[in-house]
Amino acid sequence: MCGIVGYTGPREAYPIIIKGLKRLEYRGYDSTGVALQNGGVKVYKKKGKVAELEEAIVGKNLHAHVGIGHTRWATHGEPSDRNAHPHQSSSGKLAMIHNGIIENYSQLKNELIKKGYVFHSDTDTEVLLNFIEEIKTNNSCTLEEAVRIALKRVVGAYVILLVDADDPETIIAARKGSPLVIGIGKGEHFLGSDASPMLEYTKEVVYVNDYELAIVRPDELILKNLGNEKLTPYVQKLDLELAAIEKGGYEHFMLKEIFEQPQTIYDCLRGRLDASNGTITMSGIQQYADQIVKASRIVIIACGTSWHAGLVAEYIIEELCRINVEVEYASEFRYRNPVITKGDVIIAISQSGETADTLVAIETAKAKGAIILGVVNVVGSSIARISHGGAYTHAGPEIGVASTKAFTGQLAVLTMIALKIAYIKGSISHERYMHLLNELQEIPEKVAWVLKNSEHIKKIAEKYKDARDFLYLGRGYNFPVALEGALKLKEISYIHAEGYPAAEMKHGPIALVDDSLPVVFIATRDAYHEKIVSNMQEIKARKGRVISVITEGDEHSTSLSEDVMIIPEADEIVAPMLSVVPLQLLAYYIGVAKGQDVDKPRNLAKSVTVE
Ligand code: G6P
């Protein structure tokens with residue numbers, strides 16, 4: 001996690017860095033800092049969000065044409081001024097920012113302490129920086145060489161940016177495991193964890209790969225591998241507009257992103273789904289269609305909200321394609337020597353495309369001969385690049401830390417993949433296939449319908465905002481939606497919430513039910529409807545407060561509920577894209593009513609690039 005920004009060129013560096021860091025706050029916001037080349041390397045840093053640093057250093061001489069900046073998500077050492085990045089080397093000449101974890105830092109630290117180094121922070125970053133300085137001094141070499149030598153000893157993940165008082169125009173950057181983008185301007189270069197800090201200046205970018213090192217000057221970008229061989233930078237054109245990363249009149253990014261869903265789902269289906277001709281065009285899936293159809297199993301790997309999308313996909317793929325599906329937490333999968341045989345198909349789901357555990361899990365499976373299909377939102381991200389094939393979700397930049405539009409985009413892509421495979425395999429009737437294509441096509445319009453009830457959901461949120469716990473229950477396709485609803489509430493309101501399969505609640509959670517517990521049922525009309533209505537009765541009999549997400553016109557469920565949130569009629573396969581929307585809004589409005597910073601909830605980060 002952590003966001004990094006760098007600039008070298010003729011403009012004032014500080015405003016570019018600060019604006020860039022604000023755009024990267026989704027990656028962490030425990031503390032902020034900048035290092036500016038201003039007659040020596042000047043470092044300003046502070047615990048707290050970017051705006052707090054900005055306020056604290058008003059009036060200082062921040063004039064510089066070269067600088068680096070960092071917004072932190074703490075790994076080693078609590079969030080504090082002294083643990084904030086950039087760190088300065090013992091001599092004060094070098095400053096460095098880091099995104100990642102140096103796993104063997106304590107060994108390196110002990111070696112340096114024996115040589116008389118004193119550390120001023122608890123971070124692994126300060127250790128690596130002094131290790132680099134030690135090599136530079138001992139070998140009388142350039143900073144670039146010292147970095148290269150140091151990185152050969154480093155175990156862990158990193159993106160690092162360094163500046164050196166003795167070489168004031170240059171930024172040295174290196175990457176392994178965390179993302180780094182370099183923007184190419186005219187006589188200037190920009191660096192960032194993603195492309196957002198450079199959007200208004202350039203559309204030409206280079207995505208730096210693992211084990212690459214960049215020497216960045218205003219007029220020059222030199223890319224090398226750790227063996228000191230020069231590489232040709234692969235320059236790509238960015239397809240991203242500034243408006244996509246701004247709030248556009250909404251109070252929060254999360255609300256904007258919830259309301260964007262009719263458009264983002266439409267964008268995801270556009271050019272792929274042709275309901276009138278009965279076709280789904282997905283070239284990144286088509287290429288591997290033979291192998292997928294023959295696969296004896298599909299393993300879905302993801303984390304967080306993406307894992308919930310994977311769970312919905314398990315139900316859909318098994319139902320439509322009759323292929324065995326397993327859904328794995330990437331962090332568990334990577335460490336337990338999983339059984340993967342050649343020809344197994346892995347679907348990796350990730351909004352950011354940078355989640356460290358998902359990335360390593362894919363590498364593990366790839367090494368064992370699996371075919372990797374990525375369902376990824378961020379174009380050009382690491383997971384997108386290491387996958388054999390797959391499909392982008394095309395949800396656009398998601399900035400609110402709690403994932404919303406990426407989730408519905410993932411569901412849309414995964415449903416299309418399932419339908420495509422089922423069609424090729426012949427495991428679905430023509431009639432059902434055509435019906436589901438039409439159902440899918442109608443989703444954007446139906447999501448817009450659900451969003452029209454947002455004021456009603458806001459009132460429900462105000463009514464229940466002081467509850468201590470929430471229970472979310474669903475069955476079948478709506479069980480993962482219950483998990484996702486509970487996760488959304490936890491993330492942004494800090495209310496304890498649990499998602500459970502509705503029938504399973506009898507084996508434990510029912511003990512929690514009393515007249516103060518809101519129980520949210522995702523009880524839309526589907527094959528399990530009668531069953532979940534019985535579960536509602538059971539909760540009501542114990543005086544639990546039933547709130548339900550129901551299909552329009554369901555009088556019976558309405559009579560059993562204290563409050564209802566309504567979705568339009570839809571086939572159960574596509575219904576999760578609708579039933580999750582009221583839960584996103586409920587969580588959002590409760591978070592706001594409780595005064596929480598919903599776009600930047602405490603302790604969380606959007607992109608988890610550490611394991
Ligand atoms: C973090 C985010 C979640 C996200 C999860 C997986 O926890 O806060 O919103 O679902 O990471 O991220 P990915 O980018 O791989 O989907």
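Predicted model: local features only at pLDDT ≥ 70, side-chain atom pairs only at ≥ 80, totals over all residues.
## Strand β1 and its neighbours

In which sense do β1 and strand β4 pair, and over how many bridges? β1 and β4 (residues 66–71) pair in the antiparallel sense over six bridges. Strands pair here if DSSP finds at least two bridges between them. Strands (E, at least two residues) and helices (H or I, at least four) are DSSP runs, numbered from the N terminus.

Residues are numbered from 1 along each chain as its sequence is written, and side-chain values use heavy atoms, with hydrogens and water left out.

Now follow the side chains of β1. G3, V5 and Y7 point one way, I4, G6 and T8 point the other way, and all are buried. Strand β1 is therefore described as mostly covered, with six of its six residues buried; buried means under 20% relative accessible area, exposed over 50%, and partly exposed in between (1.4 Å probe, protein chains only).

## Aromatic rings

A pair of aromatic rings is described by the distance of the centres and the angle of the planes. Rings of Phe, Tyr and Trp (its six-membered ring) pair if their centres lie within 6.5 Å; planes under 30 degrees apart count as stacked, over 60 as edge-to-face and the rest as tilted. A search of the whole structure finds eight such pairs. One of them is the tilted pair of Y7 and F190, with 5.1 Å from centre to centre and 50° between the planes. Y7 lies in strand β1 (residues 3–8) and F190 in strand β10 (residues 189–192), so this pair ties together parts that are 183 residues apart in sequence.

The two residues are also bridge partners, F190 being the partner of Y7 in β10. Y7 counts as buried at 0% relative accessibility, and F190 counts as buried at 2%. Together with Y201, Y7 and F190 form one aromatic cluster.

## Charges over rings

Rings can also have a charge above them. That label applies if NZ of Lys or CZ of Arg is within 6 Å of the ring centre and within 35 degrees of the ring normal. The charged end of K109 sits over the ring of F119, 5.2 Å from its centre. Likewise, the charged end of R602 sits over the ring of Y494, at 3.9 Å from the ring centre.

Strand β18 (residues 297–302) pairs with strand β19 (residues 324–329) in the parallel sense over six bridges. Here I298 stands opposite V325 in β19. With helix α10 (residues 304–321), β18 and β19 make a right-handed β-α-β unit. Right-handed means that, with the strands pointing away from the viewer, the path from the first strand over the helix to the second runs clockwise.

Helix α10 also gives the largest share of the lining of the second largest pocket, three residues. This pocket has a volume of about 490 Å³. Of its 23 lining residues, the closest to its centre are G304, T305, A605, K606 and V608.

## An enclosed space and a cis bond

On a 1 Å grid over the protein atoms alone, a cavity is a set of points where a 1.4 Å probe fits but cannot get out, and a pocket is an open set with protein on both sides within 12 Å along at least five of seven lines; lining residues have an atom within 4 Å of a point. Grid points are joined across faces, edges and corners, and a volume is the space filled by probe spheres set on the points. The whole structure has one cavity of 30 Å³ or more. About 60 Å³ of space lies in the largest cavity, and its lining includes C2, W73, H85 and D124. The largest share of this lining, three residues, comes from β6.

H85 has another feature: a cis peptide bond joins H85 and P86, with omega about -5°. P86 is in the loop between β4 and β5 (87–88).
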